[in-house]
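Take a look at the protein shown here.

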Amino acid sequence: MAGPGGGPPRRSHTKSRKGCDTCKRRHIRCDESFPQCRNCTKHKIRCPYNDVQVPDAGRSATPDKPDLMWTPQIEAAIGEWQRTGMFPFPSLGIYPAPSPHQYSLEDLRLIYHVASLHYQLMTQEANNLTLWTRYIPTLLKIGAEYPFVMHALLAFSAMHIAFLTDCPLVGSMAFEHRGRAFNGLHEALNSFSRSTSDAILAASLVLSWQATSWRDWTKLMQGTATVIEAMDAWKHESEFTDFIAESSTFPTAPPSPDPERRAYHPQKDDLEAYQRTLDQVMKVEAHLKHFKEEACLMQMQHLTGFLKGVRKISPTLPIAQQFERLQLLRTWLFWVPVGFIQTYQCSPASLVAIAHLYTAALLMERLFPEIGAAYFGSLSMAPIEEIARRLMTLNVASSVKGSYQTPLTLMEYPLDTVSEFRSRMGWMSPQRTPSFPTFHPPNFPVMREEGPMVPSSEPYTPYGNPAFSYSAESMPMLNSPTPAGPHDGLSPLAISSPYLSQPYLNVPSPSYGISYSPASSTFEASLAYSDPEEYSGYDMRGFQSSHSPIFEDAQSSGYPVGFVLPQQSVWI
């Protein structure tokens, strides 16, 4: 076939179907050399092929069967559960427990997965070192009575398994359960009451863990704020009193901020904090090279690359795109600590690595304050202090003097960061958390115990949900002029806006008589970093954790290991 203008025919071009993400983004042909393609090698950047999980030869997922990480032991345990009706993990104290006859075999596997994770960490007294495992018994108990809560938890469990196996069919299961959870939550909002408030709050919490966009995240958070406000008269009875206390750390920008807003530029002290954090992570990376925890070392290398790339995010980028660029860190915060604890049994090196992952999350509030402290902050404070407490306990119990001195020294910076974060949130006299209660190692800064934590006076900010709205229409009792009774009565709810002239969710505001819906606003902007060439090998959207352990679930036993839940909440 002749070329344009009757010239010589064009040469055929073979497309690269499985090229690395960097080459695809740069629109150049990839030679598909594994684990480092030639183009990435030429430009001296890390090829995304390094982050591709190698499938386990012992486990295969056929196109018509999701990979749920079945083992003979798990099959036997779930079979026994179906025959006897006895929950496989009685030491979790879940009552009422989920009835096996109400769920499919795949759903029972998803329930078993999250329950076994909590049990495994409970035997190490490590549930306070993660962001979410401590909530599993409460969520299972509520989910046994409210199907929409269970669907939210099943979606979250499927997300974790999909992360570990990279199986798209499991991801589809998560999507299906999430849709059912949203539908059930919408129905529950129409009959909101004292008896259903904890279930609505539980579903909102678990669904917010799964949000992957700024719009979805802020809407879920606003819905949660509305529910918490409505629960004020009986919030002391809630199963979630610890994170209700943290509801002041919500994002400060609405789902659709004014297009004319002025972009925030980090100040000098913010940039200095950023550089200190980067230097500290590199110190931890150097420390980990002397230990066998290779996955921890690799994670710190990933974290170093992430921090270098974060600094290149343009302040003029819309908030939704900034949120997207930080999504990789959120993924790490949820999944990596659980894997490290299971794999390395709370070794000092792994605990230090986990603490610095949380520390990097606290830094994000300085660089991206409009996204809000709720996205990272109070998720990470209590686990950092719990890790410090754990290392100090190990140091006291150790027969070898000074064996934990280096890990303790490395923990100074995370604790300093927690203290700075609390100060920035307005908690000038924070309550001492049970995670780090009674001892102060000599090289740690000691904070005075002067009474309860004083939250910031910032107003609640808007939230809702991508599939529904926590509005006055969905919760008509919120607009009732008089309380219905001593238990279920609610006064009119008003949520003020951080942006002038924009009340939210059609909920009456004392200052404005109009209503505002964020649904009509869109975001359009480039996703590029300011220096895509240098950072192009670290595409957060396509990242797959190469070090995530593919581990088996624990078997149940009667081994009772207790732990104390912290008063300092873990909240997003």
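## Two crossing helices

Two packed helices are described by the angle between their axes and the distance between the axes. Each axis is a line fitted to C-alpha atoms over the stretch in contact.

The model here is predicted. In it, helix α4 (residues 105-122) packs against helix α6 (residues 147-165). The angle is about 75°, and the axes lie 9 Å apart. Angles of 65 to 115 degrees count as roughly perpendicular, so α4 and α6 are roughly perpendicular to each other.

Which residues make the contact? On α4 they are D107, L110, I111, H113, V114 and L117. On α6 they are M150, L153, L154, S157, A158, H160, I161 and L164. By type, the contact of α4 with α6 has 10 nonpolar residues, 3 polar and 1 charged.

## The whole protein

The protein has 19 helices and 0 strands. It has 572 residues, and 55% of them count as buried.

Now take contacts between residues at least 6 apart in sequence. Of these, 77% join residues at least 24 apart.

## A closer look at R366

R366 belongs to helix α15 (residues 348-367). Is R366 buried or exposed? Its relative accessibility is 11%. Buried means under 20%, so R366 counts as buried.

What does the side chain of R366 make a polar contact with? The partner is the side chain of D270, at 2.9 Å. Setting aside neighbours within four places in sequence, R366 is in contact with Y264, D269, D270, A273, E420 and R424.

How values were computed. Residues are numbered from 1 along each chain as its sequence is written. This is a predicted model: local features need pLDDT of at least 70, side-chain atom pairs count only at pLDDT 80 or more; totals for chains, interfaces and linings use all residues. Side-chain values use heavy atoms; hydrogens and water are left out. Helices (H or I, at least four residues) and strands (E, at least two) are DSSP runs, numbered from the N terminus. Buried means under 20% relative accessible area, exposed over 50%, partly exposed in between (1.4 Å probe, protein chains only). A polar contact is a pair of N or O atoms within 3.5 Å; within protein, one must be able to donate a hydrogen and the other to accept it, and residues adjacent in sequence count only if both atoms are side-chain atoms. Contact means heavy atoms within 4.5 Å. Axes are lines fitted to C-alpha atoms, for helices over the stretch in contact, and angles run from 0 to 180 degrees between N-to-C directions. Angles under 35 degrees count as roughly parallel, over 145 as roughly antiparallel, 65 to 115 as roughly perpendicular and the rest as oblique. Ala, Val, Leu, Ile, Met, Phe, Trp, Tyr, Cys and Pro count as nonpolar, Asp, Glu, Lys and Arg as charged, and the others, Gly among them, as polar.
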